[in-house]
Each structure stands twice: as C-alpha cells, then as structure tokens.
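Take a look at the strands of this protein and how they line up. A short walk through the pairings follows.

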Amino acid sequence: MMKKAKVLDPTAAGQGGIKRRSKVPGVMITQYIEELPEGMTTPDFTRKPIALTIQEGKLAIFKAKVFGNPAPTVTWHRAKGEMNNPQKFQNKYDPTTNEHTLEIPKVSGDEADTYKCYASNEYGKAVCTVVLNVIEVGFKKDKEMQKAEGTTAGDPTEFRKRLRRSAGKKAEKKEGDIDDSVWELLLSAEKKDYEHICIEYGITDFRGMLKKLVEMKKEREEEQAQFIQHLSNLKPIEVKSEEGATFELEMELKDPNSRIFLYKDGVMIPYSKDVEGELKHCLKQVGKKYIFTVKNLNPEDAGIYQVDVEGVNIFSTDFKVPPVDFALKIKEVTAQEREDAIFECVLTQPISKMVWNLKNTPLFNNDKYEITCSEDKLIHCLRIVDCMPLDAGIYAAIAGIKSCSAWLIVEADKDPATKGKKKARKTTQAGGGGEDLLKVAAEQAERNKKEIAEALEAAKKLQAEREAAEAEAKARAAAEAEAAKAAAQVAAAA
C-alpha cells in the first residue's frame, strides 16, 4: 500500500523534487519521489536553530531537533566559507534529547555568516537558514543591552589593541580536550568543587587539568587587573526563594563607569538594575556587592551564566534545572506552643538536598530546624523544634525550580495555671504525612524504576537500529562499488 504525498507546490515537481513548506515557519522540504512507501516520511524539524548575536571570543551554539523515517542525517553549511576545520566547527548529537548542535568555540568576525541546517534521508530533505552575528568587543553592543542600560560604547581603540594582544597570547597555548565553557567554570569554582566538575564533564587527567588551570588563572588575573581593584565572595547560582535564582560577588571596579555584561551560554542578554523591572534578568548593586537574579524560572533558564567587565570574564556559574516536581506537597500544620512541627513532601525524582524557607529566608540544620530526607531521597522533611508563637508563618519547600508553601500556626498555651511560668516542653509533634505520604513515595519509587527500565530499553533499541542502518549502508556501498568495478571491467573489455 502506498501513501501519496500532498504536493503543495506542484510546479516544483520534476525540478529537483517536490517542494513544500513545513508546519515550522522558515523550513522548506524537498521530496525526492512523488509517492512515499507506507510508513516512510521526508525529514522535518520539530525545533529549528535560532539566530544568534554573540560577542567575539564566546561559544556560539546552534541547536536543532529533526524527525523522519528513516532517521535523517543532519549537516551544516555556511554561505561564505568552508566548514572543514573540526576544531572550529563541531557537529554534535545527543541521543537522549535527540538534539543536533553546531558549536563554534571562540567565535570571531570571520564566522559571522548565514548558516543552513540540512536534514536528509533517502526520500527527501528539509532545510532552514539561520544567521550568526558577531559583536566586536568594546565597539559594538547588543541593542537590547543599550536600551536596558541607556549607555553607548566609548572609544574602542586602546581596548581592542589590548584584546588583540590577549588573543595572541591565548592562541599560542596548546589546545586541550576540555571545552572553553568548562574551563570558565573551573576558573570561577572553589577548590573543593574541582573534583565533582571533573567527574560531571568527564575530565580524567586531574593533574594535567590543575597544571593548566594554574596557568589560566594567572593569565585571567592579569586580564582582570586592568579593570578590577578587588574581587571576592563569588557565590554560584542557586534557587534561594520562590522569587528566582541568584548568584553574587563582591567587586570593586577601578573605573565606576566600566560596563558590565551578562551572558547565558555565550549569548549576551539584557538586564535591568531594578528587581521590580520587566526584564527577566536584573542586577542589584549594594556597595561592593553585585547580586544577579533570574526571575520567573523555567527549564530554558538552565545554562552557563557569565559576568564580564569590558570584555574580560569575571565569573561563570552553571545553573542546572533538575526535572523534578512535587508528588505530594507540604500541608498546613497547627502546633501547640512548645510542640515540634513537621512539614513533609514527596518528590517525583530523587534529590539529595532541597531548600526550605521561612518568609523567603533560607533555613539550615541547627538547634531550631532539623532538615532530613529518606534513603531514596524522595521524602524530604523539615522539623521545627520546640515551636513558639514567633515560629508561625509561611514555610516554603523548593526543589529545582518548583516550590510549594504552607502555613505553620502556633497556638499559645492559654492554661491559666501556667500563666507567668515557663511552659513545659511537650513530647508530642504536629504535622507529618503519615501513611498517605509513605504510600505516595512507594508508588513514585516504583514509577521511577519502571521509567528507567523503559529508557534503557529504548536506548538499546535505538543503538541496535543505528548499528543495523550503518551495516546496511556499508553493505549497500560495498555492493555499489562492486557493481561499478564490474561495469568498468565490461567497458574495458568492450
């Protein structure tokens, strides 16, 4: 049984294939044959790459998701030049997210161009176009940033000379296997965090990394010294309240008029200096302390955030958004004075640590608060020890970018016999999820176990299909080569 393709542009038939537009704006599909076999489809995009305006020296990343049967091959091309340098143009594919990326490290004006992304299989191809704009440091500036700050760039001559000298020094250094963005994280991290960053990003030569990091830190400090008098107390990004995620640092500028830039994944983003402003990102300065806030959090906010002063990187921090939510939220608790109160919740995914707040102030383990979690890290508990009327208020539980909140009501002891006397400590407790909580947690653990098994099975199936497709392609190529060889021999004999 054959399925006939819908021809939206019949005049194109016979002229390099049947051309039709995708449901995704800006994507053109070319179908090589008029009728497709049952179950087969031409390639298309579910997410096309978006245009980038990025500062030179940063990492440019184009991302795309495609589908089709057979699975399409994705390639990238540019209008004005070649892309045959694998160090400069890096094609990558993540099978877990089905995401294809083109990464251009240390982008320069030479890479500013129009790029095309092709998704192809034997039945057709889909193509979309995207533009990369590169901002010269110290000379040009993103329009949104100009609007947000109300400033314009000054005379760039001396600054650009310094950048060229700095770029020359970097070019002489031997390239390592570690991505630039990971080096930026290591440069801003504390020593105690080196090990887990190396584990997370697959760095195995720990000693070699430390040796190069010392050299890079010395070079970075020399660059920063041009603009920075003092830098300390670098605090990585984290969600501290329901209002958003923050990271902060203490910095004294040599010139108070030096411009501060904010980047996410290498792309300059505008920010306001008013927390109540409409922009998603804001910077609040209190004396020497700079507090950056990302508001109205969503999964797309994950990424590497960088703070630059006049083109020199000052701080980098990696914001991760775990795919977690609440299977059971905390509930209102009414406790008697001098009784313990317990808030408990169940998460959809295991997390070793979550944030507990009272009136937007983070709580920590101490004599007043006991913060614990179950062995499988699904059940999280906050115990308020020896409740007093001052402990009443709205408590919040924050996991990833999800949160829930509930009241603690503390009822004062009104027994006239104890009036004016110190109240006795109660051995009872109020709140807690009880059997319902344990049931929800057990069901969630079983659900997670099943999902992991299904994901592993799907990954194995995908790998087997890819290996089979590769083997078939090699066999087809070998057969074609053999046929061509035989044809050549026949022609020679004739």
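Which residue in β27 is the bridge partner of Cys373? The partner is His380.

The model is predicted: local features need pLDDT of at least 70, side-chain atom pairs count only at pLDDT 80 or more, and totals for chains, interfaces and linings use all residues. Residues are numbered from 1 along each chain as its sequence is written, and side-chain values use heavy atoms, with hydrogens and water left out.

Start with β27, residues 379–384. Strands here are DSSP runs of E, at least two residues, numbered from the N terminus. Two strands pair if DSSP finds at least two bridges between them. Strand β26 (residues 369–373) pairs with β27 in the antiparallel sense, over five bridges. Five residues lie between these strands in their hairpin, where Lys377 takes a positive phi near 65°.

Strand β23 (residues 340–347) also runs antiparallel to β27, joined by six bridges. Here Cys345 stands opposite His380.

Is β27 mostly covered or uncovered? Mostly covered: six of its six residues are buried, meaning under 20% relative accessible area (1.4 Å probe, protein chains only). Ile379, Cys381 and Arg383 are buried on one side. His380, Leu382 and Ile384 are buried on the other.

Now move to an open sheet. Five strands form it, in the order β22-β29-β28-β24-β25, with mixed pairing. Its edge strands are β22 (333–336) and β25 (361–362), and each pairs on one side only. Within the sheet, β24 (residues 355–358) and β28 (residues 393–399) pair in the antiparallel sense over four bridges. Leu358 stands opposite Tyr395 in β28.

Terms used
Buried < 20%, exposed > 50% of the residue type's maximum accessible area, 1.4 Å probe, protein only.
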